[in-house]
Amino acid sequence: MQLRFSPSMRSITISSTNGFIDLMKIKVAARHISYRTLFHTILILAFLLPFVFILTAVVTLEGVNKCSSFDCLGRRLGPRLLGRVDDSGQKLVRDFYKVLNQVNAEDIPTDLKLPDSFSNLVSEMKDNQYDAKTFAFMLRAMMEKLEKEMRESKFAELMNKHFAASSIPKGIHCLSLRLTDEYSSNAHARKQLPPPELLPLLSDNSYHHFILATDNILAASVVVTSAVQSSKVPEKIVFHVITDKKTYAGMHSWFALNPVSPAIVEVKGVHQFDWLTRENVPVLEAVENQNGIRDYYHGNHVAGANLSDTSPRTFASKLQARSPKYISLLNHLRIYLPELFPNLNKVVFLDDDIVIQQDLSPLWDIDLQGKVNGAVETCRGEDEWVMSKHFRNYFNFSHPLVAKNIDPEECAWAYGMNIFDLKTWRKTKIRETYHYWVRENLKSNLTLWKLGTLPPALIAFRGHVHPIDPSWHMLGLGYQNKTSIEKVKKAAVIHYNGQSKPWLQIGFEHLRPFWTKYVNYSNDFIRNCHILDS
């Protein structure tokens, strides 16, 4: 494209590159135009010409170069200059949407053979000249097949994770066996805990009494060690560690050979509590021994389940509810604390999957205002997995007994780090209420709730819970990979509730160091059992 001025400056000509076609010609009357006006005209043209050039280039790329006349160029440029564009492309899109809607409303043909990959689909389309409807059917069928395979893979992953979380790692099993053997062969491993001169302190209410029920020796060692190292007054700490009969020897050996002075540690087996008889815990005996209940927790978790109507998250929740730990007496022991420790007035009960990072002695100064249970509420946060829980998340409100007696919007609270006023507790009917609801759930074939020991406790402790500041107890480290590291560092107690325990290979790597820092890897038993070796 060229711009030419006549020698007399009376005309300006815009022509094509080859000069044969004059696109625009402006005649200038010398008497009536000034050089300033001419200058402004040239500026305006200089501004417009690039756009004319670009528009011409676009038209050329679309095939204008095939036009043999100026009339053809006009037909191409005219609609664009006037803002009108050929809508044939949009019509094609509308037609394709129509085909997609039609295919979505119909069943996929049973004889439709699907290619193995997208490249194979393209090849078949070229070879067989598929129409749009056939292509859409094949695309839909391939996507549905992929979705099904992904769901099956996700459910398989959840099952494998469930089995991994329910199993005992080789290293922890080794530790228990070696320490049990040490108990039988080493007198030091059998020494009395605590020494006879310290026995009166086990019921001295001026001390800070922690209670821990577990059959995991390594986890117990981390809880006790972290509490002592984080305390400003470790000499005031008394730990009451309760375990089952098979783990008692190994647990006793560990704390006998690895004292945490100046703190005091007592290790007792469930079999050593005279109060825990069949008469006092009839419901829990039924829970442990009834074959139907054992099949529910130890049987085939997929049999009878309609996975096509179940979301992976719902399936994961159901698997979590079937953890074998929920039929262990150790997991129910907290409901019997007033009877197991008749001389104590106030205790802090801890789960074995927690780590203590700050001094907990101020907990004994909290005024529970006549309540029994000081706990962190779990309905005040935005996190849908852990901190936005109400009763509706735990109970089956389609059951008439639940619908009649429970408010679905009532706020839930957390187990794992609880302050219990045992003196006030002994004046209540909490244990009887707990037993009643466990019994009703058994009668209803486990249809009142789906998750372990917390639901009956939520009912039994209604009206007896005093909320404490959430900074005391941070939950969810066994559920969420995206847990904030900064929040973890600030929490007094961090809780690895969920399947991804820090002592398992499926634990979250970036959260594991908060737990492993309290594992003594120089210990011979830990080293020889290759605990958490990668």
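Colleague: Is Leu100 buried, partly exposed or exposed?
Modeller: Leu100 counts as partly exposed, because its relative accessibility is 32% (buried is under 20% relative accessible area, exposed over 50%, partly exposed in between, with a 1.4 Å probe and protein chains only). This is a predicted model, where local features need pLDDT of at least 70, side-chain atom pairs count only at pLDDT 80 or more, and totals for chains, interfaces and linings use all residues. Numbering starts from 1 along each chain as its sequence is written, and side-chain values use heavy atoms, without hydrogens and water.

Colleague: Okay, and where is Leu100?
Modeller: You'll find Leu100 in helix H3, residues 88-105 (helices, H or I with at least four residues, and strands, E with at least two, are DSSP runs numbered from the N terminus).

Colleague: New topic, the backbone. What kind of peptide bond joins Leu193 and Pro194?
Modeller: That bond is cis, and its omega is about -10°. Pro194 sits in the loop that links helix H6 (170-185) with strand S4 (208-213).

Colleague: And what about the bond from Ser261 to Pro262?
Modeller: Cis, with omega near 10°. Here the loop holding Pro262 runs between helix H8 (245-257) and strand S6 (264-269).

Colleague: What's going on with phi at Gln369?
Modeller: Phi of Gln369 is positive, near 55°, and the residue isn't a glycine. Look for Gln369 in the loop between strand S8 (354-356) and strand S9 (373-375).

Colleague: Is Gln369 buried or exposed?
Modeller: Gln369 counts as exposed, because its relative accessibility is 59%.

Colleague: What about phi at His530, and where is that residue?
Modeller: His530 isn't a glycine either, and its phi is positive, about 55°. His530 belongs to the segment after helix H20 (524-528).

Colleague: Let's switch to the sheet. How many strands, and in what order?
Modeller: Seven strands make an open sheet with mixed pairing, ordered S6-S5-S4-S7-S10-S9-S11 (two strands pair if DSSP finds at least two bridges between them).

Colleague: Which strands stand at the edges?
Modeller: S6 and strand S11 (465-467). Each has a single partner strand, so one side of each is left without a neighbour in the sheet.

Colleague: How do S7 and S10 run, and how many bridges join them?
Modeller: Strand S7 (residues 346-350) and strand S10 (residues 417-421) run antiparallel, joined by five bridges.

Colleague: Which residue in S10 is the bridge partner of Phe349?
Modeller: That's Asn418.
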